[in-house]
Amino acid sequence: MATQVVMPKLSPTMEEGQLARWLKKEGDKVSMGEPLAEIDTDKATMEMQALSNGVLRKILIDEGQSAPLGQPIAIIGEPDEDISELLKSAGEAKPGKSEAAPEQIPESDAAPAVETKPDEPVPAQAAAEVSSDGKKEPVQTGERVLISPIAARMAAEAGIDFKTIQGSGPGGRIIKKDIETAMSGKRERPSATPGLRPMPRPGEKGVIYGPSAYRDEPVSEMRRTIARRLVTSLGPVPHFFLTIEIDMERAADMRRSINELYPDLKLSINDIIIKVAAVALIQHPHVNASFQDKTVRYYEHADIGVAVATENGLITPIVRAAEMKSLLDIPDEVRELAERARARKLKPEEYTGATFSISNLGMFGIEEFTAVINPPEGAILAVGAMAPKPVVSDNQIEIRQQMRVTMSCDHRVIDGATGAKFLQTFKQIMENPLYLFVG
Amino acid sequence: MSSQPTEQRNRSNSSAAGVLDPPEKRDSSPSQSKELTEDRETLVKIFRQMLLIRRFEEKCAESYSLGKIGGFCHLYIGQEAVGVGSISALREDDYVLTSYREHGQAIAKGITPDAIMAELYGKATGCSRGKGGSMHLFDKDVNFLGGHAIVGGQIPLATGVAFASKYKETDQVTLCFFGEAAVNQGAFHESLNMAQLWKLPCIYICENNMYGMGTSLARAMSFSDVAQKACAYEIASEFVDGMDVLAMRHATERAVKRAREESLPTLLEARTYRYMGHSMSDPGKYRTRAEIEKYQERDPIKMFANKLKEQNVITDADIAGLEKEIKEEVEHAARFADASPLPDPSELYTNVYANPLN
Amino acid sequence: MAVLTMRDALNLALKEELARDSSVFLMGEEVAEYQGAYKVTRGLLEEFGPKRVIDTPITELGFAGLGVGAAMAGLRPIVEFMTFNFSILATDQIINSAAKMLYMSGGQFKIPIVFRGPSGSAYQVSSQHSQALESWYAYFPGLKVVMPSTPADAKGLLKSAIRDDDPVIFMEQERMYGMKGEVPEDEELTIPLGVAEVKREGKDATIVARSLMVPTALKAAEELEKQGILCEVIDPRTIRPLDIDTIVESVKKTNRLVVAEESHAFCGVAAEISAEINERAFDYLDAPVKRVSGVDVPMPYAKNLEQLAIPDVERIIAAVREVSYS
């Protein structure tokens, strides 16, 4: 009886085979066990042996052609036998698999294993949803509050908005004890500045900070497109500008008070701006970042470049990890850097690699201006003069100290809302500078 | 009694057709059978078993190429005389442990072709309930203690089974098969040392088919006279023609007597040849067709058939009848395996522990 | 109750089980005539004879495999490794044969065998003789892994291990052989495998410790109590199967977990416990789970370096304080 020769499985992982060479031609006698053809598998070139006796009546695939497991590739039968039925069924089977093949191929034997985990495709789907949803996530991380799982659960159960709680754990993590304290109401604090995160812990005295550590995150497809398009429309660094007006009454008061306490300190408004900007940057890591072509680099510390005018032009010495430094330290450091800048004695590492810059032209009476970003930094803050201005407050016109700042943003890393949120925080702290002391 | 290896070695003259000659010179020739001493029933049973294994393995090759058998599949074609001859010398309650090339020995020890084929198909009715596959056939009822798939791993196990027989003071004998490549493993040497040290009733049968996968004996063993390695442990040994089923039977009978009556081990080296690749996925590039054909001239089934016909034990008609019977038996096994259910998915988690705690 | 050393408690368990069941036998290097390299098998040869207490050649792969084969044929071997460092030679038989036999035979061949011996650090025996290998063996389904920390547990758990129908890796600690404790005299008293014990109750932090780290953790807990931190100390006793429920319950109460171990942290048992707690008790954690493990180097020889390599009371205290934010 004539039989179909099918593409045999010649290795455990083989799914299809390529016919390397026929060792018999049509009309040749073949006997069981005799080599019939050479097949290239995923592993090796293997001899395929005949599994029946007779004559090789018909070769169905040519040398060099591939066939999936189980597809008929030849017919063996008696010399005078009618093989038309087999030829027909082989022809039907050829485009796909032979009629029996689906059951014969081990993949279908594995079906029960698949059945035991019918939910397999679901996680994949879920993951996709998460990632499409999750696109918002990076933008939101600026507001992430550190809280231990049990503290979060206790807060939710007690209906406490944990964002209003000051965490006492490492890095300001809110821990169980903080929630317990909040629940007992012993040390409940008013949330005068909602949305503000705890102050970074002040650094230890005398610690010398090198350039900030950072993490690089891959640039998303979307971000890459934004970058490409903005560059082509506006130039190498696509700037945009945000301006905000700040009530400086309290900051000015504070400055006065501190200088009364420490007459030698000579704390300037600019020093306060450096500190506030640094603290705000830590709360808005997406602004404390730079575009690195394939990645976006997020810095751990706020290394603030302070623009200093010298005879030779502008230079920006850097206050490293400004958020870790106290208002008692910053004035001296800035003064010392500026002096050395003017004396052209800065070392390269002292003026390269800031994460954010501040340019202040207030002393020249400039009310408002835009500054040019110092690449690869993501933004620069242009600070105008602080001056008394009429302000409407409680339906009354009051004269108060006001200051306008304009931030230039690199649109490849910072979007409008991101920058605006940062400025909001900056304004909040600037207008409530005691925040700097309650962290 | 003697455990002097030299006295145990068989020095009878050989009429082998040259293919038994090892790559290096040996100081002895293989044991071969002479006249028939068995009754007709025994002889026909032995012949039938070899033929059944041959046809069963051919069916396995077909089923593997159809994708019905998965994973690795190592065929016994060409080596039938070793398993059948030696196991025919055992009592039913004796033990057999072997390697992953074990379909033939499993049949010889009494596992049904149905249960073996179902195991190869990964079915619930398989002799290992679909959890072992081709390399791990087990059947407690016939004391077939497994195919083991780490080369040489079964040798210490068999030694332990023999230890248990001695400990329990039964007179059961353990037969342990392995390929010649396993002889290079430490497990072989560690086991032979313990077996002779503690006088264990274990018979070690090295099926020397000349190739460890694709590496020839000459390329793998510095001194390739396996039987002589027994000298290092003062174990009795014999070099046997593994293509001569009665030679295998008689050599094993001598070893069984030594094990059963004196509680002593024996090493048998059976020179044989596998016709097929190491496994079904082996292209066999390391040897020529001419070499295979040379060995096929001394095909164990053909030689035994001729001997039985010469001695008027069976006729061609008898053989044709047996072929028909066996074909049906093998087809039945394939149909049974096909029709059998897959293991229930819950079986995934059973048999991990005998005493699951939680 | 008698006060016994860990060594004598183990010896007593072996003696009682050899006497109870004639299919139990003991084999290993120097277990018989030498009376045991660490004297755990002292007197057993005299009592049970050379058929049941057997000196082996130094041939770990061989006698481990022989033991598994004997178990297949119905015996209940106890195989001693002079130290578990040498069991590395036998891993093929332990992992490929003992752990898988029942499964790949479709339930036909159970392997009731105990592989026992000292594991972990000893005193200044350097890199090849001071290894904690429990995470290796605990990795494999089919094996059970037991590590006692008191003489009473050692006796009760070893008796259970010998009576168990599965291969059990029973890891003793060389430094603890001389440790004394009360041991119940009841011959039928066994301690079930897979059940943890709360060795000390507390509400502020949980310390999970095993083997040598249990007494160390208990000392740390005493110190911490003086500092106002009440620690719960849990000894899982069986590493696989692990009684994670007891640990989860404790973490739900204390919200903090420190796992102390002699072995390396990487891919270790503490890592596993940490992952389990992450999956089962995440919402109860007030601090990240903290591991206190052996440092990630081969064991050095010099005494000072060796001390630095193994967790001590101070490191456990520091870890507990860290998770307690104090």
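Author: Y214(A) is partly exposed at a relative accessible area of 41%, whereas Y299(A), at 14%, is buried. Here buried means under 20% relative accessible area, exposed over 50% and partly exposed in between, with a 1.4 Å probe and protein chains only. The model is predicted, so local features need pLDDT of at least 70 and side-chain atom pairs count only at pLDDT 80 or more, while totals for chains, interfaces and linings use all residues. Residues are numbered from 1 along each chain as its sequence is written, chains are lettered from A and ligands numbered from 1 in the order in which they are written, and side-chain values use heavy atoms, without hydrogens and water.

Over all chains there are 19 aromatic pairs (rings of Phe, Tyr and Trp, the last by its six-membered ring, with centres within 6.5 Å; planes under 30 degrees apart are stacked, over 60 edge-to-face, the rest tilted). Y214(A) and Y299(A) make one of them, edge-to-face, with 5.8 Å from centre to centre and 75° between the planes. Because Y214(A) sits in strand 9 (residues 214–218) and Y299(A) in strand 12 (residues 295–299) of chain A, this pair ties together parts 85 residues apart in sequence. Helices (H or I, at least four residues) and strands (E, at least two) are DSSP runs numbered from the N terminus.

Y167(B) and F25(C) form a tilted pair, 5.4 Å centre to centre and 45° between the planes. That pair crosses between chains, from helix 6 (residues 154–167) of chain B to strand 2 (residues 24–28) of chain C. Y167(B) is buried at 8% relative accessibility, and F25(C) is buried at 0%.
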